[in-house]
Amino acid sequence: MVAFKEFKTRDAAATALARRVGDRLRRGVHRRATASMIVSGGTSPLGLYHELRMAPLPWCLVTIVPSDERWVPVEDAASNEGMIRRELLSGEPGFAHLVSLYRRDATPAQSLPQLNEALAEVPRPFDTVIVGMGEDGHVASLFPDSPDIAAALATEADCVVQNVPRLGMPRVSLTTHSLLDARDINVLFFGSGKRAVYEAALKPGPLEEYPIRALVHQPRVPVSVYWAP
């Protein structure tokens with residue numbers, strides 16, 4: 001169920017993935033008059049987002065959900081939502097509906113009921129999912145050194161709070177239950193170090209060791225991995 005796609009350059013990987021994502025969104029709108037997707041933060045998808053925002057897509061019929069969020073205001077440089085709004089939702093893509101995972105006047109734990117209610121309103125299954133992978137094998141904000149990682153990987157809730165002491169701030173993350181409620185999953189990462197981690201994660205082992213295993217060791221949803229040096 002996993003297709004590994006290797007490219008000579010990161011731009012080539014971004015172009016190929018933008019084409020696939022665009023096809024998935026058009027197909028969803030054609031069949032159901034709506035489409036939805038999960039997108040990641042970080043630096044790896046920047047080229048992809050720049051490609052997508054130039055694509056002729058029916059953005060006004062698309063709902064976008066961040067894969068995870070640091071608990072900071074959207075104006076903060078660390079905000080995934082802020083990055084997505086700047087790098088993807090400029091111009092025509094700004095007509096898409098973005099589901100925020102941050103609530104300004106509440107703690108993450110207090111906000112979870114509202115966040116799960118908002119996520120329950122998003123058309124499912126997601127037409128496409130775009131996530132990255134960290135050098136420790138984390139996906140979204142599901143980190144292997146989180147004290148709550150086992151529960152986060154097992155829950156049927158749509159999102160959870162993850163407190164990882166070394167990160168300095170709590171995060172809200174979609175769960176693998178949400179990520180797998182999809183027609184198509186795409187994992188985008190670059191560099192030899194991350195490729196070595198990915199190859200280690202392909203081997204049998206506990207999901208908690210490399211949370212990316214929850215996506216690549218499952219038979220339900222096709223997964224495409226986009227990699228370049």
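Two strands are taken to pair if DSSP finds at least two bridges between them, and the elements themselves are DSSP runs numbered from the N terminus, with helices (H or I) of at least four residues and strands (E) of at least two. The model described here is predicted, so local features need pLDDT of at least 70 and side-chain atom pairs count only at pLDDT 80 or more, while totals for chains, interfaces and linings use all residues. Residues are numbered from 1 along each chain as its sequence is written, and side-chain values use heavy atoms, with hydrogens and water left out.

Strands of a sheet pair through backbone hydrogen bonds, in either a parallel or an antiparallel sense. Seven strands make up an open sheet with parallel pairing, in the order β1-β10-β9-β6-β2-β3-β5. At its edges stand β1 (2–6) and β5 (97–98), each with a single partner strand, so one side of each has no neighbour in the sheet. Within this sheet, β2 (residues 35–39) and β3 (residues 62–66) run parallel and are joined by five bridges; methionine 37 has isoleucine 64 in β3 as its bridge partner.

A further open sheet has three strands in the order β4-β8-β7, paired antiparallel. Here β4 and β7 (159–162) are at the edges with a single partner strand each, so one side of each is left without a neighbour in the sheet. On average, neighbouring strands of this sheet are turned by 20° against each other, direction ignored. Three bridges connect β4 with β8 (residues 171–174), and arginine 70 stands opposite arginine 171 in β8. Helix α4 (residues 108–120) lies across β7 and β8, at about 155° to β7; axes are lines fitted to C-alpha atoms, for helices over the stretch in contact (heavy atoms within 4.5 Å), and angles run from 0 to 180 degrees between N-to-C directions.

Next come the aromatic rings. Rings of Phe, Tyr and Trp (its six-membered ring) pair if their centres lie within 6.5 Å, and planes under 30 degrees apart count as stacked, over 60 as edge-to-face and the rest as tilted. By this rule there are five aromatic pairs. In one of them, phenylalanine 7 and tyrosine 226 have ring centres 5.8 Å apart and planes at 5°, so the pair is stacked. This pair links distant parts of the chain, 219 residues apart: phenylalanine 7 belongs to the loop between β1 and α1 (10–32), and tyrosine 226 to strand β10 (residues 223–228).

Two backbone details in loops complete the picture. Most residues other than glycine have a negative phi, and most peptide bonds are trans. Alanine 33, in the loop between α1 and β2, has a positive phi of about 65° although it is not a glycine. A cis peptide bond with omega of about -10° joins arginine 124 and proline 125, and proline 125 lies in the loop between α4 and β6 (128–131).
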